[in-house]
Amino acid sequence: MSDPSPADFAPDALDWHKQDGLLPAIVQDAATLRVLMLGYMDRAALQATLDSRRVTFFSRSKQRLWTKGESSGHFLDLVSVETDCDRDSLLVRARPNGPTCHLDRTSCFPAAPGNFLAELDALIDARHRERPAGSYTTKLFDGELRRIAQKVGEEGVETALAAVVQDDVALCGEAADLLFHLQVLLRARGLSFEDAVDVLRERHRTG
């Protein structure tokens with residue numbers, strides 16, 4: 001995914017006067033695109049965010065700069081920041097280190113939609129690194145790459161057969177198995193599902 005670079009962002013181009021020096025900043029998970037929280041930034045908070053690459057806000061209750069995670073350790077690592085068309089609000093993409101909400105939830109908006117395939121890819125990546133005992137995904141990674149590739153082939157055939165001779169429920173089940181094993185295969189090769197999506201995105205862009 002190509003994001004606006006924090007280094008290229010110009011705070012002076014923003015409309016700081018409209019809301020008494022504060023801009024609302026919507027924070028979005030860079031991987032899943034789930035909205036995580038809303039905070040407010042003044043010039044100093046935005047500059048601290050750009051310099052430290054950890055999302056920092058101006059706390060209206062504490063009347064000071066506040067780096068998300070300074071107490072919990074659940075920092076938000078900056079990926080990108082951009083402004084809206086009126087230059088009076090911000091969209092911040094970040095990688096969360098733990099729950100964002102103080103209630104230990106992923107998002108301050110419990111029902112905020114996200115990209116489940118990206119969430120699954122992150123889980124598969126964790127399985128690849130940690131290899132927890134008893135996990136089916138660990139068993140796949142502990143085997144040979146050839147065996148994972150074989151599973152993708154088998155699931156592909158089963159998906160095609162289900163499309164021809166089975167009902168929609170069976171087809172969706174086989175397609176889910178295929179997507180899962182394909183993600184495992186990509187991760188075993190040091191790639192992510194997003195790398196494949198990037199190829200689709202580029203093909204779409206170039207038409």
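## Charge, fold and selected residues

The protein carries 25 positive and 32 negative side chains, and the centres of the two sets lie 4 Å apart. Lys and Arg count as positive, Asp and Glu as negative, while His and the chain ends are not counted. Each charge is placed at NZ of Lys, CZ of Arg, CG of Asp or CD of Glu.

This is a predicted model, in which local features need pLDDT of at least 70 and side-chain atom pairs count only at pLDDT 80 or more, whereas totals for chains, interfaces and linings use all residues. Residues are numbered from 1 along each chain as its sequence is written, and side-chain values use heavy atoms, with hydrogens and water left out.

**Overall form**

The protein has six helices and six strands. Both are DSSP runs numbered from the N terminus: helices are H or I with at least four residues, strands are E with at least two. Along the sequence the order is β-β-α-β-β-β-β-α-α-α-α-α.

The radius of gyration is 21 Å, but a compact globule of 207 residues would have one near 17 Å. That radius is taken over C-alpha atoms, and the globule rule is 2.2 Å times the number of residues to the power 0.38. Along the principal axes, the C-alpha atoms fill a box of roughly 65 × 45 × 30 Å.

The accessible surface comes to about 12200 Å², and 55% of it belongs to carbon and sulfur atoms. Areas come from the Shrake-Rupley method with a 1.4 Å probe; for residues, only the protein chains shown count as cover. Of the 207 residues, 36% count as buried. Buried means under 20% relative accessible area, exposed over 50%, and partly exposed in between (1.4 Å probe, protein chains only).

A contact means heavy atoms within 4.5 Å. Among contacts between residues at least 6 apart in sequence, 52% join residues at least 24 apart.

Strand 1 spans residues 23-29; six of its seven residues are buried, so the strand is largely enclosed by the rest of the structure. Two strands pair if DSSP finds at least two bridges between them. The table lists two partners of strand 1.

| Partner of strand 1 | Bridges | Direction | A facing pair |
|---|---|---|---|
| Strand 2 (residues 35-41) | Six | Antiparallel | Pro24 and Tyr40 |

Strands 1 and 2 form a hairpin with five residues between them. Leu33 in the turn has a positive phi of about 65°.

Arg34 lies in the loop between strand 1 and strand 2. Arg34 is buried, with a relative accessible area of 15%. Not counting residues up to four places away in sequence, Arg34 touches Val27, Gln28, Asp29, Thr106, Ser107, Ala112, Pro113, Gly114 and Glu119.

**Two further residues**

Cys101 sits in the loop between strand 6 and helix 2 (116-130). At 5% relative accessibility, Cys101 is buried. Leaving aside neighbours within four places in sequence, Cys101 is in contact with Thr106, Ser107 and Cys108. Asp125 is 24 residues from Cys101 along the chain, and their C-alpha atoms are separated by 23 Å.

Ser80 belongs to strand 5 (residues 76-83). Ser80 is buried, with a relative accessible area of 0%. Leu50 is 30 residues from Ser80 along the chain, and their C-alpha atoms are separated by 9.1 Å.
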